[in-house]
Amino acid sequence: MVSYRVARASEYLVITGYGITDIKLAKKAWILPGQTFSRFDVSPVNYTFEVQAMSSEKLPFLLPAVFTIGPQIDEREALLKYAKLLSNHDRHSHEVRDLVQGIIEGETRVLAASMTMEDVFKGTKDFKKEVFDKIQLELNQFGLWIYNANIKQLVDVSGHEYFSYLGQKIQMEAANQAKVDVAEAKMKGAVGAKLREGQTIQNAAKIDAETKIIATQRQGQGKKEELKVQAEVKIFENLRDADVAEANAELATKKDGWAQLAELAQVESVKAVSIKEAELQRQVELKNSLTQTEKLKAEYLSKASVEYDVKVQEANWELYKKQKQEEAVLYEKQKAAEAQKLAAEAQFFAQQQAADGELYAKKKEAEGMFAAAESQGVYIQSLLKEFDGNYASLRDYLMISGGMFQEVAKINAGVVQGLQPKISIWTNGDGSSAGNGSLTRGGLASGAMKEIAQVYNTLPPLFQTVEEQTGMTPPAWLAGRTPNVQRWD
């Protein structure tokens with residue numbers, strides 16, 4: 001059933017269900033069928049804790065604190081977060097209290113661990129502000145707001161009486177300082193009496209001397225002030241004269257500038273009038289020329305329109321006749337073209353069929369070659385793997401298996417086939433005796449003559465070779481005669 005609900009001053013209605021995408025917050029609303037609602041209180045609650053923390057010197061202490069926390073009603077998003085996350089819990093329940101206490105203890109301990117005990121104790125105000133800011137950042141996730149935070153006096157943890165010892169220390173220091181102050185006061189009293197007597201005499205003499213000095217200074221100061229006033233008067237008069245001269249010069253300069261501007265403005269006004277007259281005259285002439293042009297245009301246009309209509313009628317008649325003639329010729333050409341088109345299509349179809357067949361054959365041939373190449377590649381990879389990656393051994397194996405060496409041998413044999421080399425063998429005997437063709441005298445040859453004889457014995461074969469290769473015959477005196485020279489061909 002439809003019902004109208006109204007929340008109290010410190011409450012909100014949370015509505016969900018039909019027609020609402022997420023949730024709806026309202027102070028008053030109609031509750032439709034398929035919708036549910038609940039109320040939650042937004043008044044703040046006091047949470048009292050004793051947070052146990054430890055300073056950077058590893059000194060534990062208790063921090064009694066009272067926080068006043070409630071939903072953040074000034075921001076709509078924060079209120080929606082609180083309604084989604086915490087509105088179903090009692091604000092005084094252990095769940096909410098444990099959540100708030102966990103956040104406060106965690107942030108307080110982290111901050112206290114980065115400060116010394118002295119910093120925490122002396123900077124309580126700054127420490128409170130730091131704790132407040134860090135806790136508020138965490139509570140923003142739940143739509144909560146700290147309305148008030150009160151940190152009480154720091155308390156010692158049982159077994160760690162830092163503050164007690166610190167108080168005793170301060171008390172002892174105060175007692176000792178009091179004793180020192182009493183002794184110092186007595187000493188100052190005795191010394192002060194004697195000091196006052198001497199100071200009275202000194203002050204009396206000092207005052208007399210200062211009186212004379214002051215009188216003399218007053219006289220000199222009076223004369224100095226008089227001279228100073230006279231100098232300042234003279235300086236003021238000079239400055240005033242300089243200001244007057246400067247003002248006169250500036251006035252003259254401005255008068256010249258104003259006169260120049262006035263003349264320039266007069267010249268510009270005269271030129272502007274001339275320019276305006278020229279522009280008006282040009283516009284008048286332009287209007288006259290346009291009027292004359294329109295008049296002539298109307299006369300020529302009427303004549304041209306009549307001539308145009310006559311010529312259009314004649315041209316239409318000639319065009320009609322030519323169109324009929326050309327349509328007849330075009331019809332004949334269309335029929336002939338259609339016949340040629342049918343013949344060309346038939347020829348093209350036959351050629352296309354033949355090309356498709358040839359293409360299919362080429363495609364199959366290419367596929368076979370590709371398959372053979374692919375299998376050959378796999379075969380070579382397997383061989384290379386068997387040869388442990390040795391490319392030289394793989395090459396030699398492929399050349400042997402492909403008959404490469406046999407082909408090379410056949411080619412080399414074919415190159416030298418048909419050649420008929422001519423080999424000449426010359427002999428000059430042993431050279432040990434004159435009867436065997438050696439060049440000696442009396443059967444005995446010296447070592448030097450033997451070498452000369454050996455060189456001379458090489459000349460006939462050389463001349464014979466030159467004659468056979470070039471056809472040139474050496475002279476008889478150069479060829480000479482050597483005994484026992486024989487030649488075999």
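## A pair one turn apart

W317 and Y320 are separated by about one helical turn, because they sit 3 residues apart in helix 5 (residues 162–386). Helices here are DSSP runs of H or I with at least four residues, strands are runs of E with at least two, and both are numbered from the N terminus. Before going on, note that this is a predicted model, where local features need pLDDT of at least 70 and side-chain atom pairs count only at pLDDT 80 or more, while totals for chains, interfaces and linings use all residues. Residues are numbered from 1 along each chain as its sequence is written, and side-chain values use heavy atoms, with hydrogens and water left out.

## Aromatic rings

Rings of Phe, Tyr and Trp (its six-membered ring) pair if their centres lie within 6.5 Å; planes under 30 degrees apart count as stacked, over 60 as edge-to-face and the rest as tilted. By this rule there are 5 aromatic pairs. One of them is W317 with Y320: the ring centres are 6.3 Å apart and the planes make 25°, so this pair is stacked. Y320 itself is partly exposed, at a relative accessible area of 44% (buried means under 20%, exposed over 50%, partly exposed in between, with a 1.4 Å probe and protein chains only).

F387 and Y397 make a tilted pair, 5.8 Å centre to centre with 55° between the planes. This one links distant parts of the chain, 10 residues apart: F387 belongs to the loop between helix 5 and helix 6 (391–401), and Y397 to helix 6. F387 is partly exposed at 29%, and Y397 is partly exposed too, at 36%.

Elsewhere, Y12, F40 and Y82 form one aromatic cluster. Y12 also has K27 over its face, 4.7 Å from the ring centre. For a charge to count as over a ring, NZ of Lys or CZ of Arg must be within 6 Å of the ring centre and within 35 degrees of the ring normal.

## Strands

Now for the strands, which pair if DSSP finds at least two bridges between them. An open sheet of 3 strands runs in the order 3-2-5, with antiparallel pairing. Strand 3 (24–26) and strand 5 (35–41) are the edges, each pairing on one side only. Between strand 2 (residues 11–17) and strand 3 there are 3 antiparallel bridges, and I15 stands opposite K24 in strand 3.

Strand 1 (residues 3–6) pairs with strand 4 in the antiparallel sense over 4 bridges, and V6 faces K28 across that pairing. Strand 4 (residues 28–31) has a covered face, with A29 and I31, and an uncovered one, with K28 and W30.

Helix 9 (residues 459–470) has 12 residues, which should span 16 Å at 1.5 Å a residue; its end C-alpha atoms are 16 Å apart, so the two agree. The expected span is 1.5 Å times one less than the number of residues. P460, P461 and F463 are the buried residues of helix 9. They cover an arc of only 165° around the axis, which puts them on the same side of helix 9 (the arc is that of the directions from the helix axis to the C-beta atoms). On the other side of helix 9, Q469 and T470 are exposed. Just after helix 9 comes G471, with a positive phi of about 80°.

Helix 2 (residues 94–113) has 20 residues and reaches 27 Å from first C-alpha to last, close to the 28 Å expected. Its buried residues include V96, V100, I103 and L111.
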